Structure formats: structure tokens, C-alpha cells
Amino acid sequence: MKIMVAIKRVVDYAVKIRVKPDKTGVETTNVKMSMNPFCEIALEEALRMKEAGLASEVVAVSMGPAKCVDTLRTGLAMGADRGIHVDVPGALQPLSVAKLLKALVDSEKPGLLILGKQAIDDDCNQTGQMVAGLLSWPQGTFASKISICGLTFSAPLRSSRSTDLRLNQPRYATLPNILKAKSKVIKKCTPEELNVPIKSDLETVQVIEPPKRKAGVILSSVDELVDKLKNEARVI
Amino acid sequence: LSTLVLAEHEGGSLKPQSFSAIKAASSLGENNHVSMLLAGSGSSLQQAAAHAASCHPSISQVLLADSDRFIHSLAEPWAKLVHLVQQKGRYSHIVAASSSFGKNILPRAAALLDVSPITDVTGISESRLFVRPIYAGNALCTVRYTGSVPCMLTVRPASFPVESMSADSKSNAAPVEHVDLSSFGEDGVGKSRYISQSSQVSERPDLGNARVVITGGRALKNADNFKLIEKLAERLGAAVGATRAAVDAGFVPNDLQVGQTGKIVAPELYMAFGVSGAIQHLAGMRDSKVIVAVNKDSDAPIFQVADYGLVGDLFDVIPELLEKLPEKK
């Protein structure tokens, strides 16, 4: 069985993001970009299934600008066998990503598609559910444990999963594997080649910083805390 | 305007988060015809329908899909049901709470209807203009929906709080209608099977709707110590939350996690013990009205959002609190 894993390039989870002064979005130039953590977990799960003899090949796919190839390369260094990059220069909404994924599934015919449950940039939490719907495949969202039993395995169980945090601890790419990844194949294609028109249903009007909380006070004792909660905040 | 609300029910009544979805639906604009879709089977569905019909003045109609297929709220039949109901009703909006239920079902239904859903809406400015947090709540994005109908949303219950909705206005109960499932078919249904549900049975209030939330972090060290948090929660009639670190370490189950990818809460009082305050955690609780933080490390980022901070060892502070806090009313 072939497993396909979708991965997204996002602002690294440890970066403190900055909203652009013109309110058009979040600063992404000169900011460290990484593989979305949930996608890492999805890829790790696929690799473990391959190591357990449950899968023959792991294909990592990513959609977006040319830089996505770097993220795919990371996936290959973790152990994916090959990559597919759908080159889309502009913004992509989950519905379009789901349609592109469906097109790739139609041509690659994997038995299982695994995605992270959400990207940590737009926090949409949609793509897995949408692609499963488009494919008429069953979906298992927010998986924190996946077990495949031998019987259902050979049945027409093709499904799409999205992964939650607890599923596994993703591996680091080792130097030899990073070097090896350089010779692995990343196929490039376009939405036109996949016959998927990219449409947009959403227009970003503005992006602003959330209101800051007022600085609080540091108390010196439990007595003071109980008093404040009772008499000032009146919450107990 | 006409809105379809996808509702969850349990034990014969609507779940609190579905009230928030109704509240969000009714704030979409004037002259909004709000229909509520309930699915399931048997007497608990009938009871929930009666509850739904009289729970809010803005509800014009209750639609019931009565079939064994919907008992376990699996996404496959539900998404198909939404598609079917939309074909007939041509609603301008479809709304669900962004609970596991809404997040599982609504995007799939949106894909079947070929529209882009908007998840985790925290504010509604106009019928097609919404505010939603991105980057774990570190930015707020205003989006305009420019696609075709229906405009589909999941809304954060914490942002659409509901005071109380009792089913007392029996006089103006909305009509209840059954969805015609004759064209539902079997295709695509049943490839997922419900196996079992394991849940925490607890006397404490639900994390998502509790007035007070007591959260423990990694500093609790083990599951046994975490009982201190539970004890304090019991005293205050509070729900228990946990950080990702505490869940990862196995102190408490997955569903107690508060944060960007866990539960988003906004209680009146949020007390964090031994929580450092990673941005992913803050994303889940920053809208709480009063935040209390107790941590040994005076530099912990949690103190930057806390209204009241106490630098100290939680193993000293919690017992003292238990002693000095008033008994729950």
C-alpha cells in the first residue's frame, strides 16, 4: 500500500509572529519557515507504518510557492520516498488544496492519505475533512491513535486521516539522511496539469493584533489572593 | 437571510455549544429565518427536538433526521445530510459550533457543496464579514466571504456566550418537521464504523462552558499530584484543564487540554498552577475574564497575561487555598 502525506510550509512554531503595519497580513519575509508540526506527526506516522511493513511507499506532497520544495526536502530527509510539489504562487484556501489533493490521489492511488489536523498559521482545520468528502472516502479526524487490523486492511478501506498531537513524536532528520534526500525525486506539477481551477471564496479585509491584556499585579500571599478574588474581582 | 444551525444533542437536550451556534446565527442580521437540524434516532431525538423548538425565540423551524445512521454523529452521513437539506432549503448560511462535532462535519459538508467554510469565527460584523483568530490567536483576521451560497461557519462557543436558555417559552414553540431521507441512499455511508466511546465520567462542569477553570501544568510532576488540581476544582465547582505538557506526560487525558489545538475557554475565572504560559496555551485561555497564575518562576510568561500572579510553589499554595477558600455555595 502506498501512503500519501500532505505537508505544509508555515512560519516556525517557535517564532513570535508580527502583524504587518499595513494590516494586510503577518510578516513572513525573513522569518524562519518550517514544516507544520501536525504535518510532521502525520509523516512520522506514515513512516512508522512503512517500517512496520504496513506500507510500501510514502509520498509527501505540498502545494504552494517554489519554497515548498525545501519543506518537501525535509520530509524526504525524514524518510519519505519521493515528493510532489504543486506549484501555486498565490494564496491557497483549503478547498483548493483539497481539490488538488483529490487530483493527486486520483493519479497516485494511495491506500491511505494522512494529513495534520490543522496548520498553525491559518488554524483552519478543514483540509482533511474536505478531501475525504470530495473523494467519498471515510475520514478519521483528530486521530491520536491509529491501528490497522489485517482484515480491514485488504478491504476497500481507503481513508483520509488527520492527526492530533499525541499520535507520535516525530523524528529528526539525520545528516546522512539529509544528504540522501538530495537525490530523491520531487516531481513538480501545476494546477492546470491537474485540471483543478483555483478559486477564492474569501477576501482578507484586515489582520490586526489582538487587544493586549492589561498588566496584572503580583501578590504576596494566598490570603491576599483570596481577598482579591472575593472582594475585587468578585469571582468566588 | 436564512440560516441552518447544525445542532448537537445528548440525553434528550441540546448541548450548550449549540446554543452558542444559535446565538451566532441570530447575530448574522435582521429577518433571519433560523432552522435547526438535529439528527439521531429514538426518544432522545424527540425530546431534544422539543427542547430545540422552544429554547430560543429566533428559531423558526426544527428539522429532524431520524435514522440509526446518525446516532454516532459520524461525518460521512452527516455531511451528506447537510448537503441534502441544503439542496432543498437553499439556506444563505450554515452554522455549527466549533466543537469536535462541528469541526469534523462542517468542512466535509462544505466540500460537497463546493464552498469554502470559515472556521472558528469569534466575531460577526455583517452577514458575510467575520473575525477569526489566526496564528494561535496572535493575530485577528477579518475575512469577507465572497463565494456562492451557502456561507458556512463554525463559531467559537466562548465568543458567543449564552446566559441561560431554558425551555420555558412553550407558547411559541417552533414547528418540527422531519427530513425526507428517501433519497439519502447508501453510497459512501458506512465505511466508517463507530466502535466505542471512552469518556471521563465527571461530576465537574464541562470544560468548554465552566464558569471557573483550574488548570495544571508540567510542574504537577505526576498524575497523582494532579489530584490536587481536581480537589481545588471540586471546591470551586470548577472544570479541570491541563497544558499540553501535562497531557503529553500522561497526567490527564487528551480532552482536558487547553490551547491552540485543544479547547478554547473563556471562563469568568481561570486559575493556572505550574503553567509557564507557552503561546499555544495562552491562545486557549487569553479571553478569560480573570486570570490567576501561580508559578515558582517569576519570569514565566503566564504572568504577563495574569490579573493576579503569585510567585510560589503550587504544592504550598494549593493546600493553603483549600484551607482558606470559602466553601462552594
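A residue is called buried if 20 or more other C-beta atoms lie within 10 Å of its own, exposed if 12 or fewer, and partly exposed in between, with C-beta atoms placed from the backbone. The model behind these views is predicted: local features need pLDDT of at least 70, side-chain atom pairs count only at pLDDT 80 or more, and totals for chains, interfaces and linings use all residues. Residues are numbered from 1 along each chain as its sequence is written, and chains are lettered from A and ligands numbered from 1 in the order in which they are written.

**View 1. A:K16 sits in a loop of chain A.** Is A:K16 buried or exposed? A:K16 has 9 C-beta neighbours inside 10 Å, so it counts as exposed. From A:K16 to A:I120 is 104 residues in sequence and 12 Å in space, C-alpha to C-alpha.

**View 2. Helix α3 of chain A covers residues 94–108.** Buried residues in α3(A) include A:P94, A:V97, A:L101 and A:L104. The buried residues of α3(A) pack against β1 (2–6), β4 (57–64), β5 (82–87) and α4 (127–135) of chain A, together with α4 (100–112) of chain B. After α3(A) comes A:K109, with a positive phi near 55°.

**View 3. α4(A) packs against α4(B).** The angle is about 45° and the axes are 7 Å apart (axes are lines fitted to C-alpha atoms over the stretch in contact; angles run from 0 to 180 degrees between N-to-C directions). The two helices are therefore oblique to each other (under 35 degrees is roughly parallel, over 145 roughly antiparallel, 65 to 115 roughly perpendicular, and the rest oblique). Residues making the contact (C-beta atoms, placed from the backbone, within 7 Å) include A:M130 and A:L134 of α4(A), plus B:P107 and B:R108 of α4(B).

**View 4. Chain B meets chain A.** The contact takes 58 residues from chain B and 52 residues from chain A. Which element gives the most to the side of chain B that touches chain A? That is α4(B), with eight residues.

Key: Helix = DSSP H or I, 4+ residues; strand = E, 2+ residues; numbered from the N terminus. Expected span 1.5 Å × (residues − 1). Contact = placed C-beta atoms within 7 Å.
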